[in-house]
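Have the structure open beside you and try each task before reading on.

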Amino acid sequence: MLQPGGLALKEDLLEIKSAFMSYFKEREAEINGSLLAVLSGENILFLGPPGTAKTQLAKNICQSIEGGNFFNYLLTSFSTPEEIFGPLSLKALEEDEFRRKIDGCLPTAHIALLDEIFKASSAILNSLLTILNERKYHNGREIVDVPLLSVFGASNEFPEEDESLEALYDRFLFRYRLAYIQDDENFRNLLFRNPEDFEPSKSVQVSAIYRLRENAKNLPVDPDVELIITELRKNLQIQEIKISDRRWKKVIQVLRVAACSSGCPTVDRTMALLLQHMLWNMPEERETIRKSVFELVVSGGINTEKLRLEAEDMQAAVNIALKNELPVKVVCDSCKEEFLLRLDIEAHHFSHPNHSYALKKEGASRLYPYDNLIKEIDSLHEETGKENTLPPAQRDIFEKEIEALADRVGRVKYRLEEERELLKRLMKANIWLSTLDRNEALLLHDARSIELAELDAFIAKAWSVLGLQSRQVQPKPQPVKEEAKVSEAKVPAAESGSSVNSFMRGLGSRLRLK
């Protein structure tokens with residue numbers, strides 16, 4: 001539940017977001033990230049060409065913080081510590097003390113924008129790293145608590161391979177790539193508006209931000225979120241995408257702040273969609289991480305492709321085992337080869353797709369293309385009653401395997417159907433998701449449903465080939481309260497292979513194929 005004043009904070013944040021999005025077009029994700037970075041006390045990095053409103057966005061974010069001091073500086077390789085941390089105090093030097101006058105500089109700011117941050121000199125880096133990570137500044141003998149809520153870093157390029165710059169880069173938890181405006185209408189709006197026209201209609205008090213962080217510290221994290229994060233870490237390690245332990249630790253607190261400010265009682269799975277903005281190091285990793293995050297959040301990474309491959313394997317296994325002894329001998333008209341098994345005809349057709357065939361029976365003189373031949377053979381099977389040539393024991397084995405696969409597909413379909421409304425409710429409550437993220441999550445969910453419908457067709461075909469009537473397997477419904485209770489919802493694990501793989505491996509000995 002929201003803490004006292006929490007509802008008002010949420011409404012203020014929604015109003016601030018709405019005002020920013022109406023002015024800063026095509027920047028919804030960046031606006032969400034900027035506000036969330038300020039609320040959670042993390043730093044945010046904007047990468048992209050000049051002239052993409054990085055400075056203006058950061059300044060206006062500061063204006064939405066009541067009582068906040070803003071510090072803005074363009075760094076070069078020649079920038080000195082005095083420009084960032086303040087000039088030396090002459091009075092202190094008279095007393096043999098090394099101390100700076102920090103008023104109006106970075107150590108006294110609530111929000112800072114450091115443009116071209118990776119051009120910072122080595123003389124600035126050490127103190128800057130301490131401020132970014134610990135919010136402390138060593139001013140001579142005194143250790144000063146820095147009131148920074150967030151530092152906005154901006155750069156036109158990635159840092160060079162340098163240990164100090166890599167450490168600086170890691171201090172920015174949120175990372176965004178900015179581009180120029182794409183939509184024509186948004187571009188016209190940009191050209192003819194007055195930059196001075198924008199002023200946030202609402203503001204958030206610094207004290208409210210500190211209260212929010214305190215309330216978020218012990219917010220429960222749903223078990224499915226824990227599974228998503230651990231599975232995501234494994235997936236990224238396999239793909240050799242390295243994330244520091246410090247970054248993973250910070251991510252959890254950000255998700256707690258995101259949930260708390262959204263008025264959610266727990267950190268639910270939709271909060272994990274924000275991970276896409278906090279884990280990538282290089283641009284080429286962004287899409288990989290985004291895809292992995294969405295697949296794990298939507299249905300817990302159910303692998304419908306794996307289920308489809310199993311269904312195809314099952315169908316192939318049935319065909320292999322059946323071999324469909326032909327009701328009449330078939331002769332290839334081109335090479336005069338004779339066939340007694342359907343499987344042999346299929347292999348021959350694969351090698352010679354243009355050959356025609358004849359039925360070797362009295363009075364038969366017609367030639368059949370392959371497709372017409374199969375139809376004729378099926379018709380003869382029905383006439384002779386030889387729809388299936390499997391012994392009962394083998395047929396029972398296949399029937400159980402198909403039933404098991406159909407049951408797993410049915411259970412996945414049931415979970416998907418139950419999950420869609422739950423997912424929509426959770427995403428509606430989450431104020432930090434962009435419209436693009438919401439739409440993509442639902443599209444991915446619907447794509448999975450379509451893939452499962454195609455699997456039903458595969459299974460039905462397997463029943464047909466086996467000569468059995470297709471049957472619908474009804475999954476046992478789960479208790480409604482478990483589906484509705486977000487805090488107890490378990491993320492559906494990826495469907496593991498049943499015995500299909502071992503079944504296929506042992507097919508020869510198990511069915512004693514000739």
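**Exercise 1.** Find how many bridges join strand 10 to strand 11, and which way the two strands run.

*Solution.* Start with strand 10, residues 325-332: three bridges join it to strand 11, and the two run antiparallel. Strands here are DSSP runs of E with at least two residues, helices are runs of H or I with at least four, and both are numbered from the N terminus. Two strands pair if DSSP finds at least two bridges between them. Next, locate Val331, which stands opposite Glu338 in strand 11.

The model is predicted: local features need pLDDT of at least 70, side-chain atom pairs count only at pLDDT 80 or more, and totals for chains, interfaces and linings use all residues. Residues are numbered from 1 along each chain as its sequence is written, and side-chain values use heavy atoms, leaving out hydrogens and water.

**Exercise 2.** Work out why strand 1 (residues 43-47) is largely enclosed by the rest of the structure.

*Solution.* First check burial (under 20% relative accessible area; exposed is over 50%, partly exposed in between; 1.4 Å probe, protein chains only). Five of the five residues are buried, so strand 1 is largely enclosed. Now look at Leu47: its bridge partner is Arg177 in strand 8 and Ser155 in strand 7.
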